[in-house]
Amino acid sequence: MAKALVVYYSRKGENHMPGGVQVLEKGNTEYAAEYIRDAVDADLFEIDTVKPYAANYRECCMEAVAEAKANARPQIKGYVEDITPYDTIFVCFPCWCGTAPMCVFTFLEHYDLTGKKIVPLCTNEGSGMAHSEQDLAQVCKGARVVPGLSVRGHQAKDSRDTIAAWAKENA
């Protein structure tokens, strides 16, 4: 079996949680990505933007909306040097504007993903996968995007077993 890759974008700091905005030392999606890595012995890569999103949650939301409306591709700090050894790529992200943050698309569009299996995981507080699977299929030309896993953001930290079992089924 070829090695799997887990790529993720996760927001630390102010996040929407039940009861309002809370400050997180570690983003919800990062927990999920690490659980997948551990479950299937995958490599892990964090997508990080050159220009950080606003620290203030509401301002970050406005930036995300503007990027989504413009179908923007914000610059990111780096890429996986060689993606060819990976047959399965887990793509983990928070749901922003009904899809993945635009920086995730910046990352994915950098590669020829023909023949790859794309396995999405989306953290959210109620939107589910929204239209992220369809959007991933649009940008991952030639790849097979399988149905993803939706995880409530505030439950991600405590969802190791569920995420690990799902990852093993999809590796």
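A pocket is an open set of grid points with protein on both sides within 12 Å along at least five of seven lines, and its lining residues have an atom within 4 Å of a point. In this predicted model, the largest pocket is lined by 21 residues and has a volume of about 350 Å³. A second largest pocket holds about 210 Å³ of space, and a search of the whole structure finds one cavity of 30 Å³ or more.

**Largest pocket**

- The residues nearest the centre of the largest pocket are H16, Y57, P94, C95 and W96.
- Four elements, namely β2 (13-17), α1 (28-40), α2 and β6 (117-124), each supply at least two residues of the lining of this pocket.
- Helix α2 provides the largest share of that lining, with five residues.
- By class, the lining of the largest pocket comprises nine nonpolar, ten polar and two charged residues.

**Second largest pocket**

- The volume of the second largest pocket is about 210 Å³.
- Its lining consists of 14 residues, among which Y9, S10, R11, K12 and D48 are the closest to the centre.
- Six nonpolar, three polar and five charged residues make up the lining of the second largest pocket.

**Largest cavity**

- The largest cavity has a volume of about 40 Å³.
- The residues that line this cavity are A64, E67, A68, W96, C97, T99, A100, P101 and M102.
- Helix α2 (residues 57-70) contributes three residues, the largest share of the cavity lining.
- The lining of the largest cavity divides into seven nonpolar residues, one polar residue and one charged residue.
- W96 belongs to the lining of the largest cavity and is also one of the residues nearest the centre of the largest pocket.
- Helix α2 supplies the largest share of the lining in the largest cavity and likewise in the largest pocket.

**Residue N170**

- N170 is located in helix α5 (residues 160-170).
- N170 counts as buried because its relative accessible area is 13%, the cut-off for this class being under 20%.
- The side chain of N170 reaches the backbone oxygen of W166 at 2.9 Å.
- When neighbours within four places in sequence are left aside, N170 is in contact with T88, F90, K117, V119 and V146.
- Of these contacts, K117 and V119 fall within the range of β6 (117-124), an element that supplies at least two residues of the lining of the largest pocket.

Definitions and conventions. Residues are numbered from 1 along each chain as its sequence is written. This is a predicted model: local features need pLDDT of at least 70, side-chain atom pairs count only at pLDDT 80 or more; totals for chains, interfaces and linings use all residues. Side-chain values use heavy atoms; hydrogens and water are left out. On a 1 Å grid over the protein atoms alone, a cavity is a set of points where a 1.4 Å probe fits but cannot get out, and a pocket is an open set with protein on both sides within 12 Å along at least five of seven lines; lining residues have an atom within 4 Å of a point. Grid points are joined across faces, edges and corners, and a volume is the space filled by probe spheres set on the points. Ala, Val, Leu, Ile, Met, Phe, Trp, Tyr, Cys and Pro count as nonpolar, Asp, Glu, Lys and Arg as charged, and the others, Gly among them, as polar. Buried means under 20% relative accessible area, exposed over 50%, partly exposed in between (1.4 Å probe, protein chains only). A polar contact is a pair of N or O atoms within 3.5 Å; within protein, one must be able to donate a hydrogen and the other to accept it, and residues adjacent in sequence count only if both atoms are side-chain atoms. Contact means heavy atoms within 4.5 Å.
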